[in-house]
Amino acid sequence: MTKAKSPCEGPGCPVLLAIGMIGSELKLSVLHSLLSGPKRFNELRLSTGICQSSLAKTLKELEDARIAER
């Protein structure tokens, strides 16, 4: 009997693609904060503890990846 290939093997794996897009602790922190709903920039900054420049960059990357929107 041959073992069935996992749907998550190879470069097209949706889980690996998602991890590649999110991938950083900062992005995970921002996404976790946004789970409760939309927040203003300063609310995110205070809830995540991320400095202003890093938060702006992280939000831009999430927006470019269409994971978050303004």
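Buried residues make up 19% of the 70 residues in the protein chain. The model you have open is predicted.

**Stop 1: the whole chain.** Show the cartoon. Follow the sequence and the pattern reads α-α-α-α. Now think about contacts between residues at least 6 apart in sequence. Of these, 34% join residues at least 24 apart.

**Stop 2: α3 and α4.** Select residues 41-48 for helix α3 and residues 52-64 for helix α4. Two packed helices are described by the angle between their axes and by the distance between those axes. Here the angle is about 110°, and the axes are 10 Å apart. That makes α3 roughly perpendicular to α4, because angles of 65 to 115 degrees count as such. The crossing of the two helices is right-handed.

Which residues make the contact? Select F41, L44 and R45 on α3.

**Stop 3: the core.** Select V30, L31, L44, I50, L55, L62 and A68. These seven residues form the largest nonpolar core. Helices α2 (25-34) and α4 are the elements that give two or more residues to this core. In soluble globular proteins, nonpolar side chains tend to be buried together.

Stay with L62, one of the core residues. Leave out residues up to four places away in sequence. L62 then touches K27, V30, L31, I67 and A68.

**Stop 4: T58.** Move to T58 in helix α4. Is T58 buried or exposed? T58 is buried, because its relative accessible area is 4% and buried means under 20%. What does T58 touch, not counting residues up to four places away in sequence? Select L26, K27 and V30 to see these partners.

**Stop 5: K39.** Now go to the loop between α2 and α3, where K39 lies. K39 has a relative accessible area of 27%, so this residue is partly exposed. Not counting residues up to four places away in sequence, K39 touches S33, L34 and L44.

K39 and R70 are 31 residues apart in sequence. In space, they are 9.5 Å apart, C-alpha to C-alpha.

Technical notes:
Residues are numbered from 1 along each chain as its sequence is written. This is a predicted model: local features need pLDDT of at least 70, side-chain atom pairs count only at pLDDT 80 or more; totals for chains, interfaces and linings use all residues. Side-chain values use heavy atoms; hydrogens and water are left out. Axes are lines fitted to C-alpha atoms, for helices over the stretch in contact, and angles run from 0 to 180 degrees between N-to-C directions. Helices (H or I, at least four residues) and strands (E, at least two) are DSSP runs, numbered from the N terminus. Angles under 35 degrees count as roughly parallel, over 145 as roughly antiparallel, 65 to 115 as roughly perpendicular and the rest as oblique. A crossing is left-handed if the near helix is turned anticlockwise from the far one by less than a right angle, and right-handed if clockwise. Contact means heavy atoms within 4.5 Å. A nonpolar core is a set of buried Ala, Val, Leu, Ile, Met, Phe, Trp, Tyr and Cys residues joined through side-chain atoms within 4.5 Å. Buried means under 20% relative accessible area, exposed over 50%, partly exposed in between (1.4 Å probe, protein chains only).
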